[in-house]
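I want to know who pairs with whom, and where the partners sit.

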Amino acid sequence: MSARNNSRRVAGAFAALAVGVTMAAPQVVADSATTRGGNGPETCVAFDAQGNVRELDAGDCAQFGKAGQGRSNAKARNVILIIGDGMGQSEITSARNYLEGAGGRFAGLDNLTSEGLYTHHSINKDGSFNYVTDSAASGTAWATGTKTYNGAIGVGLKGTPKINLIEQAKNAGLRTGNVSTAEIQDATPAVLGAHVAKRSSYAPSGDKKVVEAADARENGGLGSISEQIVDTRADVTLGGGASYFDTQVKINTGNTNPFLEGDAKYPTTWVAGKTVLENAKDNGYQVVTTADELAAVKEANQDSPVLGLFSPGNMKTTFASSTAKLGASKQAPISCQTQDIGTEPEMALMTRKAIELLDDPTSDKGFFLQVESASIDKRDHSSDACGQIGETKRLDEAVKEALDFAKRDGNTLVVVTADHSHTSQIVGDNRDNVAPTTRLLTADKKSTMTIAYGTTPVAEDGTNAGSQQHTGAQLRVAAYGPGEENVLGQTDQTDLFYTVLNALDLNPDKSDSATDANLAKPASSRDVVAVINADGSIRAPQPGDFTQYGPEGQQRVADGLAKNAVLFIGDGMGDSELTSARNYLYGANGRLPGIDNLDYTGSYTHFSVNKDGTINYVTDSAASGTGWATGTKTYNGALGVGIDGKPVQNLAEKAKAKGLKIGNVSTAEVQDATPAAIGSHVAKRSSYAPSGTKKVVEAADARENGGRGSISEQLIDSRFDVLLGGGAQYFDTEVQVSGMWAGATKWEAGKSVLENAKNNGFQVVTTADELAAVTAADQHSPLIGLFSPGNMPRNFLETIPTEDGYKADTAAACQLNPARTAEIPSLSAMTTKAMDLLANENGFFLQVEGASIDKADHDGDACGQIGELDDLDQAVQAAQAWVKKTGEPTLIVVTADHAHTSQITAVGADTAGLATTLLTADGDPMTLSYNNSVINDPKADSYDQGHTGAQLRVAASGPGAENVIGRTDQTDLHYTVLNALGVDTESAPVADLFIPAKPAPEPTDEPTTEPTGEPTAEPKPVAPMGKWGFFYVDQWGKPAADRVINYGDRSDEVLFGDWDGNGTDTPMVHRGNKFLGTNGWTGVAQFEFTYGDANDRVIVGDWDGDGRDSIAVVRGNQVLMRNALKSGVAERTVTYGNPTDTILAGNFDADLASELVAVRGNTFYVQADLANGKAAVVFAYGDNGDEVVIGDWNGDGADGVGVVRGNKFLLRNDLSNGVAQAAYAYGDPTDGQFVGDWNADGVDTPMVDRR
């Protein structure tokens, strides 16, 4: 432990927590090999040298002390602080999903332009840390800058009053306001209006929530909260709680406020026997009780302040309540219903009116206003998903009012945050859960979202037994306006006190530093692209479709300023995992030395898209990895492919194409989702190996079936300069197909993947010492490090959660895992070595994953997840040290792929799931709860703690780091990295460059200049010659012709197409530049026209999607198209491929219009559409010299390819490498061959021409 913890007590009792549990005597913790010792502010110790509890002062626990961060010294005339009570990342995300859709944006919350995270623990009266705060202690923290115990309102550990923001603002002559949807005596509004030892001290008398004796005025105290609010005399006070103002005052007094001075302290006269409200009116208050009365108020000041009391208790919620219940996640979804709030004002109206009354443009003084949406918390306590979503909606509307004012005013700081995190979790939909759930139909078309409530036991009726708990995960804090930069990064709740004071220029100790004074605002956000069209059809998301800022990114800084980029992924590392690891390793007020010291922070969303176009609000690591790796949303399980199965170019491929070196490091099997996302393209994430007994490649992806191969094979083909991790057993599997990848990597069937890698120049190391000895790695001699058969062992020994693991007497410290031997390198060692080996004049891209945070969370292994996060944090530190040492401009980004299960809950409080209690670096107990499995039995096969859907922290330092600030999506990260490196953001087609041993190698021609010349005059007609016959069958496999037809002359070139759109292909002859066609099978031409030159090559296609074929002439790589079957000039010209390519046409995507395909040797380059000059699909099929035919072989509306050898038709439906999927013989080897739909059944069949 650090020196500041050596004076901790050695005996005593834990303070009773908010749940009212009496704690056992604490266990004494010696220095542990698994804790790092406290490294937070040295003043944040609640003990003196003798071990006695001492009073903490304002700023003692602030991460940046009384001076503040010093990122900005800008001054604001006004500050509006908006609190969402209980509004953690999960509450924000679930509300957005429901109200706006997963890719939508809140008009207020998501448009704050600076964002950070802050911690919010409290300190018990005995000086121990409490990792789960309540609203009183947390409110006291930002209102006074002081850490205190749960239940305390505006007082310290010893009960000493602490000056708050409204008192400071009033003393400085500012106008003030206090608005809440709760009872105005509730904790959040009370911390700015009162100082009491117990938060329930609402009234001076009555039958409930009466002031504690010591605080009662008749006993010399400051009085009840209601009385003190009247004395504090904010210019505007709005909320509920009227019933407590209707209680009698017990004693005649004056204003008892201990901090107000001069004119700020109104000479209140209190008369015993009258109610609080009567006394307020007698002392000049305007009292309003309805929305209309509030709207009619014209002014508010110290002579005539406004007191709005709109409800006897808490104000009504905007949505009617819902009830969570076991099994509801598999029942029909519900929609939330708006309820009548009667005469109460909406929160937006209260906010707007408060601003209007407080803003006085004629005054040289501004205002401070606090606004709270209180019932996010209250409905979360009640397991009420609709209620909490509706109250988050209200908060967003209030934020929008504040932002609109701030933008007009230009001199107002708006800060939005929460007091504590809460229970609700977005969990797997349509899945059993040990916790009660609610299933909702969201704003996304046809999509459903399940919210679970698991921090209390379950009642016999399947609902929650009791009030859901607060939780301990760090919170989002975001801001807009002068001084907003001071919320960036990792802070504590007490730092917010100084952020506000500094902005208002009320802090004599303020820092004059302004390191981010010139931080630019982001570019405008944009709408996401719909997946389900209005007609119900599905559109596969393309790269960038779900980004908040598009491929250009936020554009806060210039592009291309980073030479290198290192992307760290903590798999499953949500805010709860970060906070619990920090608490355990460094103490509640400590800092993760790597992760917490990155310069810029934001939050991003991470949902996936199902194959049917609906949204999955709980992603897996494959879909999320594909998100940042390719900028594309896809389905769970997909790696590097879209929902249509098409591969998408990833970060490593783009970086390598620009000439950067690339690295891929993980503590998992390197075939696992996160490392595989930048090294493979497969339909199913378990496609690890080409053969073997487990995790064998899916048939469609197997090379023997024309696929790209297993992940192991593709990792070798990707040829990372450095590839480090586990998964050795899957490299020890036998390759099934010989061939060549990109003309460079030679594959031999019968040998293992690893043997093939070695034969292709890879260095292979298996121990830490061997890794340390490597001195160079590049494309000539890349490095593979395989340090474990499977995932690398976890750093800390596994802990198994239990049903009574929440109890204090079960608390223990984590232990080192003996399986993590010295032969296995740490993640920091792998990171440093990778950066050393990748360093070069062109720069590099490196991805590093701490994988088993997630794997431990799945197991409910608290120590495992903490140890793996520690390993990741040390790797981040190593990267920072490397950058500092080398001076190379390097972007470092740290984030996660998805959120996870673990929640920090109250020690001694039971839940619906399992729990483990640990003794932290503070020497205090911390409970982690796991309540997101289908069963509470870690030994059961079905036991698995699931992922969750809360938005995630993303943090960065270095060139381009500013572009992670604020609310983005996981797919935005793809472009943040590319833009920082100056790499082209456009995604090129991903060619499958594996050529099986039999086909000839790919041609290497490149496109040349366009051909010259325009269509010339019509040549003289060719004299007719004798008749001849065409023989066709209308079904594959028939030996004899269904029909023989005659049309044209023997010397004519014959074309076939559906000229009239009736579904049947009929002939047209080409003579010179004259075309004579028919919509039947015999007789003379029904139409004729001239087009092109006599020596032009002609192709047939439907160029405009009208269902009728027409023609085009091909000159080199230029295709001149005509839609009308009439004489004329080209109506459209498309340049595609190389002049030496064979250009053909087909309908490859089953839409209305044809696309072009360039055939080069045995490689096919298929367009996405006629407007796209780049190939969308590239694959090899057949041999050089094969005759190629294009047709719809299976009637699915999409054309495939075929080759003709003699009289054999070898057909393939899939546009991918592979062997023939059907083979038929028809006609003689000397016949000419055609294909077409001869009977309008949608299937193309053969025809032969016998001259």
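Below are my notes on the disulfides, pair by pair.

**Entry 1: the count.** I'm working from a predicted model, so I treat everything here as computed. How many disulfides does the count come to? I get three. I then numbered the bonded cysteines along the protein chain in sequence order, and the pairing reads 1-2, 3-4, 5-6.

**Entry 2: Cys44 and Cys61.** I started with this pair, where the sulfur atoms are 2.0 Å apart, and it makes a disulfide. I looked up the torsion about the S-S bond: 85 degrees, a right-handed link between Cys44 and Cys61. Where do Cys44 and Cys61 lie? I find both in the segment before strand S1 (78-84), so the pair ties together parts that are 17 residues apart in sequence. Next I checked burial. Cys44 has a relative accessible area of 1%, which makes this residue buried. Cys61 comes out at 2% and is buried as well.

**Entry 3: Cys336 and Cys386.** Here too I read a disulfide, with 2.0 Å between the sulfur atoms of Cys336 and Cys386. Is the link of Cys336 and Cys386 left-handed or right-handed? I noted -85 degrees about the S-S bond, which is left-handed. I then traced the two ends, and the pair links distant parts of the chain, 50 residues apart. Cys336 is in the loop between strand S8 (306-309) and helix H9 (347-358), while Cys386 belongs to helix H11 (residues 385-409). On accessibility, I have Cys336 at 11%, and since buried means under 20%, Cys336 counts as buried. For Cys386 I have 2%, also buried.

**Entry 4: Cys814 and Cys863.** My last pair is Cys814 with Cys863, a disulfide whose sulfur atoms are 2.0 Å apart. The torsion about the S-S bond is about -85 degrees, so I put this disulfide down as left-handed. Which parts of the chain does the pair link? They are distant ones, 49 residues apart. I located Cys814 in the loop between strand S25 (783-786) and helix H21 (827-838), and Cys863 in helix H23 (residues 862-886). Buried or exposed, Cys814 and Cys863? I have both down as buried.

**Entry 5: recap on handedness.** For my own reference, I list Cys44 and Cys61 as right-handed, Cys336 and Cys386 as left-handed, and Cys814 and Cys863 as left-handed.

Note on methods: Residues numbered from 1 in each chain as written. Predicted model: local features only at pLDDT ≥ 70, side-chain atom pairs only at ≥ 80, totals over all residues. Heavy atoms only, no water. Disulfide = S-S within 2.5 Å. Helix = DSSP H or I, 4+ residues; strand = E, 2+ residues; numbered from the N terminus. Buried < 20%, exposed > 50% of the residue type's maximum accessible area, 1.4 Å probe, protein only.
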